[in-house]
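Please look over the model shown below. A short report on its fold, its chain contact and its core follows.

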Amino acid sequence: MSAYAGDVAALARKDLLLEFRSRDTLPAMLLFVVSALTIFHFALPSGSSERAETGLLWIAIVFTALLGLTRAFAAEREQGVLDGLVLAPCDRSAIWLGKTIGVTVFLVLAELVALPAFALFFHPLSWDLVAAVALADIGIASIGTLLAAMAAASRARELLLPLLFLPLAIPVVIGGVGASIASNPGSFLGFLILYDGVFAILSWASFEYVVTE
Amino acid sequence: MAPRGRDYTRAVIQARQLSKRFGDKRVLEELDLEVPRGGFVLVTGPNGSGKTTLLRLCAGLFAPTAGELEVEARRGEIGFLAHQPLVYSELTALENLDLYGRLYRLPDRRERAGAMLERFGLWRARNERAGTFSRGMLQRLALSRTFLHDPDLLLLDEPFDGLDAEGSELLHTELAERTAVTALVATHDPEALAARATARLALA
């Protein structure tokens with residue numbers, strides 16, 4: 001394993017271990033996504049379109065991700081650890097990649113509960129929907145982690161992160177809903193792959209400038 | 001033999017007309033400073049005089065607003081002790097040092113981590129989470145982290161903060177053994193390190 005991959009693995013493993021011990025983030029994400037789907041189930045009139053139901057799933061996913069992202073750098077902020085990581089001689093993008101992997105894992109775990117709940121409340125899942133959710137997770141975690149790092153340095157972090165993240169999440173919702181309900185979802189899935197690629201590269205390349213003044 | 005690409009006759013820290021402002025607030029104003037290799041400079045001054053800011057500038061965590069700052073040390077060669085311990089509360093003392101050892105590419109990181117914890121009197125607490133530590137134990141852990149990778153340049157912010165008599169003695173011993181290190185130490189108690197100091201910088 002290269003030194004870079006080893007650093008990323010060590011940082012991602014550390015995030016999973018921290019969550020396993022503190023249980024700060026994942027239970028809140030699970031509770032939120034199940035509550036949101038339950039409320040949508042009772043709020044939506046019977047006979048609603050598949051588009052409306054799928055749209056609500058994507059709203060639940062985006063806000064669940066936002067909940068996780070607000071906690072993404074909480075452990076680093078608490079004891080100033082980000083300074084320690086930034087001063088280490090490893091490539092600073094490894095910090096972003098390790099954190100992005102951690103965020104993606106939490107999101108996937110939340111969706112492992114959310115998607116069956118959605119199937120139970122609304123309509124059966126399609127492979128296109130599952131593929132779209134998986135692709136969206138990568139994009140959301142990539143750009144969301146970068147923005148969470150930016151917001152962590154700000155005093156108004158709870159306000160700043162949604163302001164930065166939600167506009168950038170709109171294309172994910174459009175691509176996700178399109179891929180979930182379109183008769184030919186290929187172009188929407190392609191769009192999500194493009195979104196993932198662009199924002200993953202941008203975030204990877206710019207993280208160093210975000211964590212230093 | 002000196003490694004190529006490094007001038008060992010140059011000062012390790014050289015600041016010319018260095019200024020730092022946060023919005024309208026001037027924290028450092030046109031500071032000139034030269035710390036030679038092996039120099040041990042104590043930085044004193046009242047609260048808000050810019051001691052911490054100067055250390056963070058030298059660490060590369062802040063960018064100067066104006067002036068020039070040259071630090072002849074790479075990231076992995078700096079040992080930075082901040083007000084906060086820079087460790088994860090939910091990791092044990094050993095896990096924290098192991099993580100830093102990994103990121104600093106220390107080949108014998110587990111042995112070094114254990115040795116540093118032993119040196120600062122934390123060996124028995126090595127498997128306890130940092131979040132359960134007292135202020136003094138956290139400072140000892142932060143010192144273990146600072147010295148873990150044998151830094152060439154030490155940037156220490158109030159190193160005796162929270163330490164009891166035994167902890168202070170351990171720190172004195174550690175610093176006494178590192179005769180070649182260059183250090184910039186912000187302190188409210190300059191007498192504690194007066195014997196080691198080669199110069200003092202008083203910030204107003």
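Which pattern does chain A follow when read along the sequence? In this predicted model, chain A reads α-α-α-α-α-α-α-α-α. There are 9 helices and 0 strands. The radius of gyration of chain A is 17 Å, close to the 17 Å of the globule rule for 213 residues, so chain A is as compact as a globular protein of that length.

Other values describe chain A as a whole. Its C-alpha atoms fill a box of roughly 55 × 35 × 35 Å along the principal axes. Of its 213 residues, 44% count as buried. Among contacts in chain A with a separation of 6 or more, 82% come from residues 24 or more positions apart.

**The contact between chains A and B**

Chain A gives 23 residues to the contact, and chain B gives 24 residues. On the chain A side, α1 (3-22), α4 (74-78) and α5 (81-87) each supply at least two residues. The largest share, 8 residues, comes from α1(A). By class, the side of chain A that touches chain B divides as follows.

| Class, side of chain A that touches chain B | Residues |
|---|---|
| Nonpolar | 11 residues |
| Polar | 6 residues |

Chain B holds an open sheet of 5 strands. The strand order is β5-β6-β7-β3-β8, and the pairing is parallel. Which strands stand at the edges? They are β5 (78-81) and β8 (199-202) of chain B. Each has a single partner strand, so one side of each is left without a neighbour in the sheet. From one strand to the next, the twist averages 10°.

The partner of β5(B) is β6(B), residues 153-157. These two strands pair in the parallel sense over 4 bridges. Across this pair, Phe80(B) stands opposite Leu155(B) of β6(B).

**The core**

The largest nonpolar core has 123 residues. Which residues have the most contacts inside it? They are Ile61(A), Cys58(B), Leu155(B) and Leu184(B). Helix α7 of chain A, residues 127-152, provides the largest share of this core, with 14 residues.

Leaving aside residues up to four places away in sequence, Leu155(B) touches Leu55(B), Cys58(B), Ala59(B), Ile78(B), Phe80(B) and Leu184(B).

Methods. Residues are numbered from 1 along each chain as its sequence is written. Chains are lettered from A and ligands numbered from 1 in the order in which they are written. This is a predicted model: local features need pLDDT of at least 70, side-chain atom pairs count only at pLDDT 80 or more; totals for chains, interfaces and linings use all residues. The radius of gyration is taken over C-alpha atoms; the globule rule is 2.2 Å times the number of residues to the power 0.38. A residue is buried if 20 or more other C-beta atoms lie within 10 Å of its own, exposed if 12 or fewer, and partly exposed in between; C-beta atoms are placed from the backbone. Two residues are in contact if their C-beta atoms, placed from the backbone, lie within 7 Å. Ala, Val, Leu, Ile, Met, Phe, Trp, Tyr, Cys and Pro count as nonpolar, Asp, Glu, Lys and Arg as charged, and the others, Gly among them, as polar. Two strands pair if DSSP finds at least two bridges between them. Axes are lines fitted to C-alpha atoms, for helices over the stretch in contact, and angles run from 0 to 180 degrees between N-to-C directions. A nonpolar core is a set of buried Ala, Val, Leu, Ile, Met, Phe, Trp, Tyr and Cys residues joined through C-beta atoms within 7 Å.
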